[in-house]
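Please read them with the coordinates open beside you.

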Amino acid sequence: QWSGADAVCVQGVEAGGHQGTHRDDPATDAAGIGLLSLVAQVREAVQLPVIAAGGLMRGGQIAGVLAAGADAAQLGTAFLVCPESGAHALHKQAMTNPLFVRTELTRAFSGRPARGLVNRFMREHGPYAPPAYPEVHHLTSGLRKAAAKVGDAQGMALWAGQGHRMARELPAGQLVEVLNGELEATRASLMPGLGNAS
Ligand SMILES: Cc1cc2nc3c(=O)[nH]c(=O)nc-3n(C[C@H](O)[C@H](O)[C@H](O)COP(=O)(O)O)c2cc1C
């Protein structure tokens, strides 16, 4: 019935990087649905386990999507600044640099809608970028590599979700522990009678 899928990843419009969409009308790119709304809708339509992604940076938010019907949460941007992450150093720094105040969905780098920090490349090429993946990806590949080589963050694809400013530079394992602690604290504050017995 579900084409062999074991679970469904539900990606809200807040998510960093490429959006899991095959729409090819740039005019509707910004019309994506927020994660909390999307999880609730998918929960009622699909019986498979639901994995929620998009803009999640704190354990309290994870508690929120679990309460909304998700079975698990997936975080991307939160781990991008971890020492284990292979992201370019400039990309990592840009996440919490006040120079980059917001994200946008753009087709400027690849031809498919993807969320990243607004920089010069995005401002200059986003407005007319065609829905042509992977052609645009190949077209801009050399430019992005050259920008990274000379340390020009304004010419790189700085993929980031809407929660980027809340990124914490911790080793990945430690970040998971912190998130788990926040999740448990939120659960305990919402349901004081059901806290851990320990
Ligand atoms: C740097 C970066 C690269 C990503 N690359 C991919 C990818 O190759 N394929 C994919 O399905 N999703 C990719 N994503 C999206 C994630 O799967 C996920 O939907 C997203 O990170 C969740 O939102 P968040 O970044 O706000 O936590 C990427 C996200 C980031 C931040």
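**Notes on the predicted model**

1. Phe109, Phe121 and Trp159 are linked into a cluster by ring pairs, where rings of Phe, Tyr and Trp (its six-membered ring) pair if their centres lie within 6.5 Å, planes under 30 degrees apart counting as stacked, over 60 as edge-to-face and the rest as tilted. Because this is a predicted model, local features need pLDDT of at least 70 and side-chain atom pairs count only at pLDDT 80 or more, whereas totals for chains, interfaces and linings use all residues. Residues are numbered from 1 along each chain as its sequence is written, and side-chain values use heavy atoms, with hydrogens and water left out.

2. The structure holds two aromatic pairs. In one of them the rings of Phe109 and Phe121 have centres 4.7 Å apart and planes at 15°, so this pair is stacked. It links distant parts of the chain, with Phe109 in the loop between E5 and E6 and Phe121 in helix H5, 12 residues apart; helices (H or I, at least four residues) and strands (E, at least two) are DSSP runs, numbered from the N terminus. Both partners are buried, Phe109 at 1% relative accessibility and Phe121 at 9%, given that buried means under 20% relative accessible area, exposed over 50% and partly exposed in between (1.4 Å probe, protein chains only).

3. The rings of Phe109 and Trp159 have their centres 5.5 Å apart and their planes at 85°, so the pair is edge-to-face. Trp159 lies in the loop between helix H6 (135–149) and helix H7 (172–190), while Phe109 lies in the loop between E5 and E6, so the pair ties together parts that are 50 residues apart in sequence. Trp159 counts as partly exposed, at 23% relative accessibility.

4. Which residues does Asn119 contact, once its neighbours within four places in sequence are left aside? They are Phe100, Phe109, Ala153, Gln154, Gly155, Met156 and Leu158, contact meaning heavy atoms within 4.5 Å. Asn119 has its place in the loop between E6 and helix H5 (120–125), and with 0% relative accessibility Asn119 counts as buried.

5. The antiparallel pairings can be checked strand by strand. Strand E2 (residues 17–18) and strand E6 (residues 114–117) run antiparallel and are joined by two bridges, which meets the rule that two strands pair if DSSP finds at least two bridges between them. Within this pairing, Ala114 in E6 is the bridge partner of His18. Strand E5 (residues 103–106) also pairs with E6 in the antiparallel sense, over four bridges, and Glu104 stands opposite Gly116 in E6.

6. Gln19, placed in the loop between E2 and helix H1 (35–45), counts as buried at 10% relative accessibility. Not counting residues up to four places away in sequence, Gln19 touches Gln11, Gly12, Val13, Leu105, Arg112, Pro113 and Ala114. One of these, Arg112, has its charged end over the ring of Tyr133, 5.7 Å from the ring centre; a charge sits over a ring if NZ of Lys or CZ of Arg is within 6 Å of the ring centre and within 35 degrees of the ring normal.

7. An open sheet of three strands has the order E1-E3-E4, with parallel pairing. Its edge strands are strand E1 (8–11) and strand E4 (72–74), each of which pairs on one side only. The twist averages 30° from one strand to the next, with axes taken as lines fitted to C-alpha atoms (for helices over the stretch in contact) and angles running from 0 to 180 degrees between N-to-C directions. Strand E3 (residues 50–53) pairs with E4 in the parallel sense over three bridges, and Ala73 in E4 is the bridge partner of Ala52.

8. The count of disulfides comes to zero, a disulfide being a pair of cysteine sulfur atoms within 2.5 Å. Cys9 is in no disulfide, and the nearest cysteine sulfur, that of Cys82, is 19 Å away, which is too far for a bond. Cys9 counts as exposed, at 52% relative accessibility, whereas Cys82 is buried, with a relative accessible area of 2%.

9. Gly193 has its place in the segment after H7 and is exposed, with a relative accessible area of 73%. From C-alpha to C-alpha, Gly193 and Arg102 are 40 Å apart in space, and they are 91 residues apart in sequence.
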